[in-house]
Amino acid sequence: MPDEQFPIRDVSEWEIVGIETSGADEKYWLRSPGTGERWLFKSVTIKGDHVHGEDWAETAVAHLGGYLHVPRARVEMAERLGSSGCISANLCPDASELQPGQVLLEECEAPGYEHRIGKLHPGHSLENIQEALRDAQPPPECKVPFEATAFDVLVGYVVLDAWIANRDRHDNNWAVLRPITSPGAPRRLCSSYDHANSLGFNLTDETRALWVPKTCVTWADALLSAVPRPVPASRSWPVRTCDDLRLVGLKLIFLTVSSAMSLLRLSRREEWWKDAEILMLRHQLAVALRERPRAPARLTWPDRAWLAL
């Protein structure tokens, strides 16, 4: 990303007004000398000679989230006392209290929920989150083209996570804003925050280049095309044709059964699940078309037979 569009701000002279205790890494709350606004400074992780990219990842996600109209924190790349990092604007107004998902799930006694530190989070499911956000409203200044609930907006967070490969949406990475001075005021979902663990932030440039798709060919197609499958010369043309037809038949049966199971599973889901899946599929198709706008469709005979049904 060019520095002209994403400049690095030097916050070495900014006043430290607090220390963020959540999370494993050390983070500081700073006050902007010009506006008095509070920003959270987070430095990048350095392991040996490898510098992780939490700063550019979080800044890029804050920019990309605008294309999906997802409410999110304002993030800028920064440097403090020679340490690279980023600053994230405070999302909690003075008259409100930020309550993370852990507190909400424990309050509503979500079935099967148990807070754990690590990768496993039992009970941290969409059903329990929907119950925890039942009486909450969308984030402040959230503009959506329909009457959305707080949970509808959080589904947008999940769609953004799928796009940016965010692997850190745990029970303390979403929250609500609860008013302190106005007891009758409604709770509101907090804008999305903490997207540092995205976009392959901890990979080297060489490894990241291997993961970035250059074509719309799937991994399975790439493996099949890489394995040579010569036809023995001793087999006659009718025998080879018969074998090919058998293979087409088996693949068609597999496509029919798998599609039927998918439709059965999809019919039991709620409407917002279907809408989210359609949005993700549209995005995947748009990415494939951008990468290979004139690429011909690679349809196999089983595909053609299935589309003809």
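Q: Which residues of α1 are buried?
A: They are E54, D55, A57, E58, T59, A60, V61 and A62. Buried means under 20% relative accessible area, with exposed over 50% and partly exposed in between (1.4 Å probe, protein chains only). Helices (H or I, at least four residues) and strands (E, at least two) are DSSP runs, numbered from the N terminus. This is a predicted model, where local features need pLDDT of at least 70, side-chain atom pairs count only at pLDDT 80 or more, and totals for chains, interfaces and linings use all residues. Residues are numbered from 1 along each chain as its sequence is written, and side-chain values use heavy atoms, with hydrogens and water left out.

Q: How many of the residues of α1 is that?
A: 8 of 11, so helix α1 (residues 54–64) is mostly covered by the definition of buried.

Q: New topic. What is the order of the strands in the open sheet?
A: The order is β9-β10-β11, with antiparallel pairing. Two strands pair if DSSP finds at least two bridges between them.

Q: Why is one side of β9 left without a neighbour?
A: β9 (96–100) stands at an edge with a single partner strand, and so does β11 (188–189).

Q: How many bridges join β9 to β10?
A: 5, and β10 covers residues 175–179. One of the partners is P179 in β10, which bridges to S96.
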